[in-house]
Amino acid sequence: MPMEPIPDLSALSLADIARLAEEQKLPPVERWNPTHCGDSEMRIARDGTWFHQGSPIGRQAMVRLFSTILRRESDGSYVLVTPVEKLDIEVEDAPFVAVELKASGEGPTAMLTFRLNTGDLVTADAEHALRFEPGEDGPRPYLHVRGGLDAVVARSVYYELAQRAIDGGDTPPGVWSAGAFFALEPVA
């Protein structure tokens with residue numbers, strides 16, 4: 001069965017985004033506990049590129065499919081899991097990249113929806129928090145996606161968030177989404 005095409009976030013209304021997010025059906029990987037089978041020989045690079053045996057996976061549909069069976073273990077490692085096997089996968093930073101932002105509203109009524117490099121849509125809220133970690137070149141933003149899996153926010157999208165924070169005038173500077181406030185500076 002072919003996967004649905006990646007949605008054009010700029011053309012979607014808030015109602016469309018909510019409907020698509022609700023329709024995302026993911027396998028119940030948290031309930032699958034097969035015996036560990038080995039290494040997948042796969043790696044997700046810092047920029048979100050998926051590799052198998054050192055070569056980039058060129059088919060986006062394959063990446064999207066693999067992303068649906070990705071799970072983070074309690075020890076912090078990552079695996080690809082099915083009902084019958086579990087294979088290690090190396091993740092250099094975060095398994096996803098937030099590549100596009102659609103923002104609407106201001107202050108506590110604002111909604112920030114991100115499109116990931118896999119086509120998934122995630123709206124920042126109390127369950128899908130934005131956090132900012134210190135980095136050598138400034139704060140490094142992350143968005144919680146699901147089950148211990150995060151997306152690093154692309155630099156261009158971070159600049160959009162920073163501009164919203166500046167325009168919002170909050171102290172400390174930050175952004176609102178779905179009634180939750182996310183400070184741009186790491187909280188000590």
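The model here is a predicted one. Strand E5 (residues 78-81) and strand E6 (residues 86-91) are antiparallel to each other, and four bridges link them.

These two strands belong to an open sheet of six strands with mixed pairing, ordered E3-E2-E1-E6-E5-E4. At its edges stand strand E3 (55-56) and strand E4 (70-72); each has a single partner strand, so one side of each lacks a neighbour in the sheet.

## The other six-stranded sheet

A further open sheet, also described as mixed in its pairing, has six strands in the order E9-E8-E7-E12-E11-E10. Which strands stand at the edges here? They are strand E9 (121-123) and strand E10 (130-133), and because each has a single partner strand, one side of each is left without a neighbour in the sheet. On average, neighbouring strands of this sheet are turned by 40 degrees against each other, with direction ignored.

At the E10 end of the order, E10 runs antiparallel to strand E11 (residues 140-146), joined to it by four bridges. Within this pair, glutamate 133 finds its bridge partner in arginine 140 of E11. Helix H3 (residues 155-168) packs on the sheet, where it touches strand E7 (96-104), strand E8 (111-116), E10, E11 and strand E12 (149-153). The direction of H3 makes about 35 degrees with that of E7.

## Helix H3 and its two sides

H3 is worth a look of its own. Its 14 residues reach 20 Å from the first C-alpha to the last, close to the 20 Å expected at 1.5 Å a residue. The buried residues of this helix are Val157, Tyr158, Leu161, Ala162 and Ala165. They lie on the same side of H3, because they cover an arc of only 145 degrees around the axis.

What, then, covers the buried residues of H3? The cover includes E7, E8, E10, E11, E12 and strand E13 (174-177). After the helix comes glycine 169, with a positive phi near 70 degrees.

## The nonpolar core

The largest nonpolar core has 43 residues, and those touching the most other members are Leu70, Phe114, Leu130 and Leu161. H3 gives the most to this core, contributing five residues.

Leucine 70 has contacts beyond four places in sequence with Val29, Ile44, Trp50, Tyr78, Val79, Leu80, Ile89, Pro95, Phe96 and Leu149. Phenylalanine 114 sits in strand E8. With a relative accessible area of 0%, phenylalanine 114 is buried. From phenylalanine 114 to alanine 151 there are 37 residues in sequence, and 9.7 Å in space from C-alpha to C-alpha.

## Serine 67 in helix H2

Our last stop is serine 67, which is placed in helix H2 (residues 60-68). Is this serine buried or exposed? It counts as buried, because its relative accessibility is 1%, and buried means under 20%. Leaving aside residues up to four places away in sequence, serine 67 touches Trp50, Phe96, Thr118, Asp120 and Arg146.

Key:
Residues numbered from 1 in each chain as written. Predicted model: local features only at pLDDT ≥ 70, side-chain atom pairs only at ≥ 80, totals over all residues. Heavy atoms only, no water. Buried < 20%, exposed > 50% of the residue type's maximum accessible area, 1.4 Å probe, protein only. Contact = heavy atoms within 4.5 Å. Pairing = 2+ DSSP bridges. Axes fitted to C-alpha atoms, helices over the stretch in contact; angles between N-to-C directions. Expected span 1.5 Å × (residues − 1). Arc of directions from axis to C-beta. Core = buried A, V, L, I, M, F, W, Y, C linked by side-chain atoms within 4.5 Å.
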